[in-house]
Amino acid sequence: PIFGVFISPYLSFKSDYLRTRWGRRIPFFAFSLPFVVASILLLAFSDDIAAFLHRSGFLAMLSPGAAAILVIAVFVVSFQFADVLICSVFQYIFNDTVPVMFIGRFMGLMRIVGGAVGFLYNYFIFKYAESHSKEIFIGTAMVYLIGIGMLCLFVKEGEYPPVTKEEKANSRGVAGLKTYFREAYSCRFYWTKYVYSTTNAMTWAVGPFYIFFYKELGLSLEYVGKAAAVGSAAAIAAAYFSSIFIARWHPLRLITYSSVFAIVFSATGWVWLFVTLSPEAFF
């Protein structure tokens, strides 16, 4: 996330003023794609690489376990850095290529596809996360390469108004910094969006602990995956109805309803402070 704090605003700002024959967003995808795929593949073979570096003497001062942790950490950071390059501009291409009257349906369909993939992965593959991590990483890299590669090849961005000389001057150096802060922080609505996004991101900080929580309650990885698959199936249904009603109710109203529901539903998790169920009952 530290990468995103400093890199995403810069890349987002620059992409707004970029003009190429491939568009203003796709060049970022094409540039970062090989680095993301390479970092995932390196993670797939991190154990083998760590063992080789330890045997060769390069990491001989560390224990085999410490060498593996160091190598994995380097590759994870490399992935996060490369991934930020794509994530910084990923959302914007929807706005640039999907007609406004269809954006709700498109986002709903994207959530349905994502939920379907999540269901398949969690139900059938997640139980092998510890025993077949290499194969999972290799498969992920191939899916990512094909998916983003198809986006780069087949999605055509529209025509953008040319950048004037004044806009070019105001998007570079110190002038660009001033332009960014003026455009990004002068609107009250943007500030409410920043606060909403920040609080939402803070809740995701507990994500890594869910696996430990479930295992402490006695669930196997297979049960954890199947529980997540049920959640993915529910997300598919929610995305379907959301895409239908978003145009009728307005996105902000729909976000409000879903946020209230999320708060109430999350509060039910406090029950585990006081009771402990058997693994089967909890599942």
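Visitor: Which exposed residues sit on the face of α9 turned away from its buried side?
Guide: V174, L177 and K178 are the exposed residues carried by that face of α9. Exposed means over 50% relative accessible area, buried under 20%, and partly exposed in between, with a 1.4 Å probe and protein chains only. Helices are DSSP runs of H or I with at least four residues, and they are numbered from the N terminus.

Visitor: What sort of model is it, and how are residues numbered?
Guide: It is a predicted model, in which local features need pLDDT of at least 70 and side-chain atom pairs count only at pLDDT 80 or more, while totals for chains, interfaces and linings use all residues. Residues are numbered from 1 along each chain as its sequence is written, and side-chain values use heavy atoms, with hydrogens and water left out.

Visitor: Back to α9. Which of its residues are buried?
Guide: G176, T179, Y180 and A184 are the buried residues of α9. They lie on the same side of α9, because the arc they cover around the axis is only 110 degrees. That arc is taken from the directions from the helix axis to the C-beta atoms.

Visitor: What covers them?
Guide: The cover over the buried residues of α9 includes α1 and α10 (188-203). Contact here means heavy atoms within 4.5 Å.

Visitor: How does the span of α4 compare with what its residues should give?
Guide: The two agree: α4 (residues 64-90) has 27 residues and should span 39 Å at 1.5 Å a residue, and its end C-alpha atoms are 38 Å apart. The expected span is 1.5 Å times one less than the number of residues.

Visitor: Where does α4 bend?
Guide: At V84, by about 30 degrees. The bend is the angle between axes fitted to the seven residues ending at a residue and the seven starting there.

Visitor: What do the buried residues of α4 pack against?
Guide: They pack against α1 (2-16), α2 (26-44), α3 (46-55), α5 (92-97) and α7 (133-154). The buried residues of α4 include A82, L85 and I86. S32, which is in helix α2, contacts A82, L85 and I86, leaving aside neighbours within four places in sequence. S32 is buried, at 0% relative accessible area.

Visitor: New topic. How many aromatic pairs are there?
Guide: The whole structure has 22 aromatic pairs. Y180 and F181 form an edge-to-face pair, because their ring centres are 5.3 Å apart and their planes are at 80 degrees. Rings of Phe, Tyr and Trp (its six-membered ring) pair if their centres lie within 6.5 Å; planes under 30 degrees apart count as stacked, over 60 as edge-to-face and the rest as tilted.

Visitor: And what about Y185 and W191?
Guide: Y185 and W191 make a tilted pair, 5.5 Å centre to centre with 50 degrees between the planes. Y185 is partly exposed at 31%, and W191 is partly exposed at 44%.

Visitor: Which residues do ring pairs link into a cluster?
Guide: F13, Y17, Y180, F181, Y185, W191 and Y194. Of these, Y180 is buried at 19%, whereas F181 is partly exposed at 46%.

Visitor: How many disulfides?
Guide: The count is 0, where a disulfide is a pair of cysteine sulfur atoms within 2.5 Å.

Conventions:
Helices (H or I, at least four residues) and strands (E, at least two) are DSSP runs, numbered from the N terminus.
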